[in-house]
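The tour goes stop by stop, with something to select at each one.

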Amino acid sequence: MKIAIPSRGTSPDSAPDDRFGRAPFFAVIDTESGEFSTIENAAADASGGVGPQAVGLLSRLNIKVVIAGRIGGNALVALKEAGIEVVEQEMNGTVRGICESYSSSLK
């Protein structure tokens, strides 16, 4: 299963970004293979509609879960319509730590 976490950088040790649509990157982690990658959020600097644009990007990557601190109303609707589960939580530590915490909660 692929999960996405808004990130401020491209490393697994990057700090998560509290914002969803305005995050410069998304960390993408496959919880089954452990593969880690990041994708640039091209919509981050757009004047509007960034949340739904980010959802479109994640949907094309077959993301199943988004873990984020803050998600706007339009993005929440788009995530629901795309069938992507949303986990809203405090975004402390690193994207690796958040992913590991989420993965261990599944066991």
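Start at Arg 19. This residue is partly exposed, with a relative accessible area of 35%. The model is a predicted one, so read every value here as computed from it.

**Stop 1: the partner of Arg 19**

Asp 17 and Arg 19 form a salt bridge, and their closest N and O atoms are 2.8 Å apart. Is Asp 17 buried or exposed? Asp 17 is buried, because its relative accessibility is 3% and the cut-off for buried is under 20%. Side chains of opposite charge can pair when their charged atoms come close.

**Stop 2: a second pair**

The count of salt bridges comes to two. For the other pair, select Asp 13 and Arg 96. Their side chains meet in a salt bridge at 3.1 Å, N to O. Now trace the chain between them. Asp 13 sits in the loop between strand 1 and strand 2, while Arg 96 belongs to helix 3. The two residues are 83 residues apart, so the pair links distant parts of the chain. Check the exposure of each partner. Asp 13 is partly exposed, at 48% relative accessibility. Arg 96 is partly exposed too, with a relative accessible area of 37%.

**Stop 3: the largest pocket**

Keep Arg 96 selected. Arg 96 also lines the largest pocket. Which element gives the largest share of the lining? Helix 3, residues 95–105, supplies five residues. Color the lining by type: five residues are nonpolar, two polar and two charged.

**Stop 4: helix 1**

Select residues 50–60, which make up helix 1. Pick out its buried residues: Val 50, Gly 51, Ala 54, Val 55, Leu 57 and Leu 58. Look down the helix axis. The buried residues fall within an arc of 160°, so they line one face of helix 1. An α-helix has 3.6 residues a turn, so residues three or four places apart point the same way.

What covers the buried residues of helix 1? Show strand 1 (2–7), strand 2 (25–30), strand 3 (36–40) and strand 4 (65–68), then helix 2 (73–81). These elements are among the cover.

**Last stop: after helix 1**

Finish at Asn 62, which follows helix 1. Its phi is positive, near 65°.

Technical notes: Residues numbered from 1 in each chain as written. Predicted model: local features only at pLDDT ≥ 70, side-chain atom pairs only at ≥ 80, totals over all residues. Heavy atoms only, no water. 1 Å grid on protein atoms, 1.4 Å probe; cavity = no way out; pocket = protein on both sides within 12 Å on 5 of 7 lines; lining within 4 Å. Helix = DSSP H or I, 4+ residues; strand = E, 2+ residues; numbered from the N terminus. Nonpolar A, V, L, I, M, F, W, Y, C, P; charged D, E, K, R; others polar. Buried < 20%, exposed > 50% of the residue type's maximum accessible area, 1.4 Å probe, protein only. Arc of directions from axis to C-beta. Contact = heavy atoms within 4.5 Å. Salt bridge = Lys/Arg side-chain N within 4 Å of Asp/Glu carboxyl O.
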